[in-house]
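Dear colleague,

I am passing on the structure below, together with notes on its pocket, its surface and its charged pairs. Please look through it before reading on.

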Amino acid sequence: MKGEPDFLHNLRSEMGDVRQWLDRVVVIAYAVLAGLAIVCFTLLADAAFGYYQSLRSAAWWAPLLWTPLLTAGVVWAIRRWAPGTAGSGVPQLLTALAPETPVQARSRFISLKLSIAKILAVSGGLLAGLSIGRQGPSVQVAAGVMLHARRWLSPRSDISDRELMVAGGAAGIAAAFNTPLGGIVFAIEELSRRLQERSSGLMLAAIVVAGLVAVSAFGNLSYFGRVRAESVSWWNLLAPGALVAVGCGLLGGLLSRLMLASFTGLPDRFCAYRRKRPVTFAALCGFAVAVIAVVSDGAAVGVGHQHTHNLLDQATAGAAAQAHQPLVFTGLKFIASWLSAWTGVPGGIFGPSLSIGAGVGADVAWLLDSPHGAALIALGMCGFLAAVTQTPITAMIIVMEMTDGHSMVLSLMACALLASLLSRMISRPLYSTMSLLMMRNFK
């Protein structure tokens, strides 16, 4: 039959094109470099926040001076030398991927230089003790590393800049969370919206290689640890799970709306002062975050993974959450995350969202005296992440991969969809709206 593949001809074509194989080696090598960049980013960010915690433990009042001063310093530095690093990192990649963005303007959002600056700036924010994450920034970091491969590829290579950036962004999420499926779904749901067959192969190769580098460095463990959610019937989780989903949807939508308002600026005195004196405004926000750190004994700042890990461990063991202050932690973490974004210091919202969502789940378990605390915490993490990012499938996959077993897949899916639906009634999509505003600013 005509049109059937000729195996021998295709084999000769594949094996005979040396330049094509060299291009593939270059891409794989840069995928390794992307994984190493995320590993270095993780180590530097964790060391920075560890130093902050040591400083806070040595003197409880130290954050009141340290946080505003360092926050102001980071904002001043990025405004002077690397304005493209501001924000999460996902909107920058969406802007670089947009067909409306000129090729010559792409380096303002994605480049190797910005990747290095992003690592340093986010680590500086964690050293200051702000409530920011590194997972979103990992998207911009890995995409910048992968895009740099372009200069070593053949001029006739069929690997496009778009494919390199999508592969890098997906690999960044996969390596940051150790969730390869989450990276794939994030690329489809948020970055690409459509994947060609060739693009999917490149993306999978980048995810596998970058993920193997991360696993080699940290082991096959989740950044937030793993929770074994007990086998719970959907009927027992129906009422508390719905309450978690509604709470996460409303709070997540509110946080998304506040972050958009902070990004766009409103005709009020606070935003006017921020436009006039951004560095001083950052210091004032940093001081407010420092007060929250003092009140919460450091629990409500940073990424929040340690507090979340403790909640999951205690709930899985059936013990009461000893370090968790019901309702108080969730509120303080919410405010600290918003203020940290308002400072203008680069940082992500993935990690803090998972922490706030875990707090919502623990609060509902405490209010209802539910014995299924671990399951409700997992639902809260999924629901709040889905509400803030409005990417329910990505949120469900990430949290599912961070739990052992698949007994909660349907519950996680329902929670993510309901929370995302409620969030859409309150706020526009966070990342795509920020990307549109970025494109409007540089045109």
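Which element gives the largest share of the lining of the largest pocket? That share, eight residues, comes from helix H19.

Before the details, a word on conventions: this is a predicted model, in which local features need pLDDT of at least 70 and side-chain atom pairs count only at pLDDT 80 or more, while totals for chains, interfaces and linings use all residues. Residues are numbered from 1 along each chain as its sequence is written, and side-chain values use heavy atoms, with hydrogens and water left out.

**The pocket**

The largest pocket has a volume of about 1300 Å³. Of the 45 residues that line the largest pocket, Pro83, Ala86, Gly87, Phe263 and Met438 are the closest to its centre. Two or more lining residues come from each of helices H3 (62–81), H5 (112–128), H10 (234–264), H11 (269–276), H14 (328–343) and H19 (430–442). By type, the lining divides into 22 nonpolar, 17 polar and six charged residues. Here a pocket is an open set of points on a 1 Å grid over the protein atoms alone, where a 1.4 Å probe fits, with protein on both sides within 12 Å along at least five of seven lines, and lining residues have an atom within 4 Å of a point. Helices are DSSP runs (H or I, at least four residues), numbered from the N terminus. Ala, Val, Leu, Ile, Met, Phe, Trp, Tyr, Cys and Pro count as nonpolar, Asp, Glu, Lys and Arg as charged, and the others, Gly among them, as polar.

**The surface patch**

Trp60, Trp61, Leu65, Leu69 and Val294 make a nonpolar surface patch of about 580 Å²; a patch of this kind takes residues with over 30% relative accessible area and no salt bridge, with nonpolar side chains joined within 5 Å. Tryptophan 60 sits in the loop between helix H2 (18–58) and H3, and counts as exposed because its relative accessibility is 58%.

**The salt bridges**

The count comes to three salt bridges, each being a side-chain nitrogen of Lys or Arg within 4 Å of a carboxyl oxygen of Asp or Glu. In one of them aspartate 297 pairs with arginine 56, the closest N and O atoms being 2.9 Å apart. Aspartate 297 lies in the loop between helix H12 (278–295) and helix H13 (305–316) and arginine 56 in helix H2, so this pair ties together parts that are 241 residues apart in sequence. Aspartate 297 is exposed at 56% relative accessibility, whereas arginine 56 is buried at 14%.

Aspartate 161 meets arginine 106 in a salt bridge (3.0 Å, N to O), and also arginine 150 (2.8 Å, N to O). Arginine 106 is buried, with a relative accessible area of 14%, and arginine 150 is partly exposed at 23%.

**Two positive phi values**

Aspartate 369, in the loop between helix H15 (350–368) and helix H16 (373–389), has a positive phi near 55° and is exposed, with a relative accessible area of 68%. Glutamine 390, in the loop between H16 and helix H17 (392–401), has a positive phi of about 55° but is buried at 7% relative accessibility.

With best regards

Definitions and conventions
Points joined across faces, edges and corners; volume = space filled by probe spheres on them. Patch = residues over 30% accessible without salt bridge, like charges linked within 9 Å, V, L, I, M, F, W, Y side chains within 5 Å. Areas by Shrake-Rupley, 256 points an atom, 1.4 Å probe, with all protein chains shown as cover. Buried < 20%, exposed > 50% of the residue type's maximum accessible area, 1.4 Å probe, protein only.
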